[in-house]
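Here's a quick briefing to read with the sequence and the model side by side.

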Amino acid sequence: MNIEEKAFQLILHGGDGRSYAMEAMTLARQQKIEDAKQKIQQSKEAINEAHHIQTELITAEAGGQQSQVSLLMVHAQDHLMNAMTVREMAEEIIHLHEALAKQAAARD
């Protein structure tokens with residue numbers, strides 16, 4: 001796989017990870033906490049796929065294999081980091097929805 005293909009794989013898996021995290025937040029808002037947690041797991045798996053590619057690239061460069069910095073790779077890295085941030089925020093939002101639901105149930 002060449003560098004452009006790796007960049008597109010980062011974008012693909014990062015995008016999937018972000019989409020799953022966004023779906024998870026929607027499910028949490030609908031009080032479907034277990035479904036939301038499943039989406040977060042899917043998000044983690046997609047982001048891990050991207051992270052493996054990123055690690056390969058970093059390892060190769062650390063080993064002396066120089067790579068050109070392209071706008072495509074910068075975009076791919078940005079896409080991945082954004083996905084990771086959204087997933088982390090989604091996990092917190094799900095936790096908050098779950099805590100609020102437990103508090104409401106305790107009042108009833």
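What follows is a short tour, grouped by topic.

Keep in mind that this is a predicted model.

**Helix H3**

- Helix H3 covers residues 71-107, which makes 37 residues.
- How far apart are the end C-alpha atoms of H3? They sit 54 Å apart, and that agrees with the 54 Å you'd expect at 1.5 Å a residue.
- Quite a few residues of H3 are buried, among them Met 73, Ala 76, Leu 80, Val 86, Ile 94, His 97 and Glu 98.
- An α-helix has 3.6 residues a turn, so residues three or four places apart point the same way.
- Which helices do the buried residues of H3 pack against? They pack against H1 (3-29) and H2 (33-62).

**The nonpolar cores**

- The largest nonpolar core has 12 residues in all. Ala 7, Leu 10 and Ile 11 are in it, together with Ile 47, Ala 50, Ile 53 and Leu 57, and then Met 73, Ala 76, Leu 80, Ala 83 and Met 84.
- H1, H2 and H3 each put at least two residues into this core.
- H3 is the biggest giver to this core, with five residues.
- There's also a second, separate core of 11 residues, including Ala 21, Met 25, Ala 28 and Ile 40.

**The largest pocket**

- The largest pocket holds about 280 Å³ of space.
- Its lining is made up of 16 residues, and the ones closest to the pocket's centre are Ile 3, Leu 57, Ile 58, Glu 61 and Ser 67.
- Which elements give two or more residues to this lining? H1, H2 and H3 do.
- H2 gives the most to the lining, with six residues.
- By type, the lining divides into six nonpolar, seven polar and three charged residues.

- Lys 6 is part of helix H1. Is Lys 6 buried or exposed? Its relative accessibility is 18%, so it counts as buried, the cut-off being under 20%.
- Leaving out residues up to four places away in sequence, Lys 6 touches Met 1, Ile 53, Glu 56 and Leu 57.
- Ser 43 belongs to helix H2. Its relative accessibility is 0%, so Ser 43 counts as buried.
- Beyond its neighbours within four places in sequence, Ser 43 is in contact with Gly 17, Tyr 20, Ala 21 and Arg 87.

- Where does Gln 31 lie? You'll find Gln 31 in the loop between H1 and H2.
- Gln 31 has a positive phi of about 65°, although it isn't a glycine.
- With 45% relative accessibility, Gln 31 counts as partly exposed, because that value falls between the 20% and 50% cut-offs.
- Glu 49 sits in helix H2. At 43% relative accessibility, Glu 49 counts as partly exposed too.
- Glu 49 and Met 1 are 48 residues apart in sequence, and their C-alpha atoms are 15 Å apart in space.

Terms used
Residues are numbered from 1 along each chain as its sequence is written. This is a predicted model: local features need pLDDT of at least 70, side-chain atom pairs count only at pLDDT 80 or more; totals for chains, interfaces and linings use all residues. Side-chain values use heavy atoms; hydrogens and water are left out. Helices (H or I, at least four residues) and strands (E, at least two) are DSSP runs, numbered from the N terminus. The expected span of a helix is 1.5 Å times one less than its number of residues. Buried means under 20% relative accessible area, exposed over 50%, partly exposed in between (1.4 Å probe, protein chains only). Contact means heavy atoms within 4.5 Å. On a 1 Å grid over the protein atoms alone, a cavity is a set of points where a 1.4 Å probe fits but cannot get out, and a pocket is an open set with protein on both sides within 12 Å along at least five of seven lines; lining residues have an atom within 4 Å of a point. Grid points are joined across faces, edges and corners, and a volume is the space filled by probe spheres set on the points. Ala, Val, Leu, Ile, Met, Phe, Trp, Tyr, Cys and Pro count as nonpolar, Asp, Glu, Lys and Arg as charged, and the others, Gly among them, as polar. A nonpolar core is a set of buried Ala, Val, Leu, Ile, Met, Phe, Trp, Tyr and Cys residues joined through side-chain atoms within 4.5 Å.
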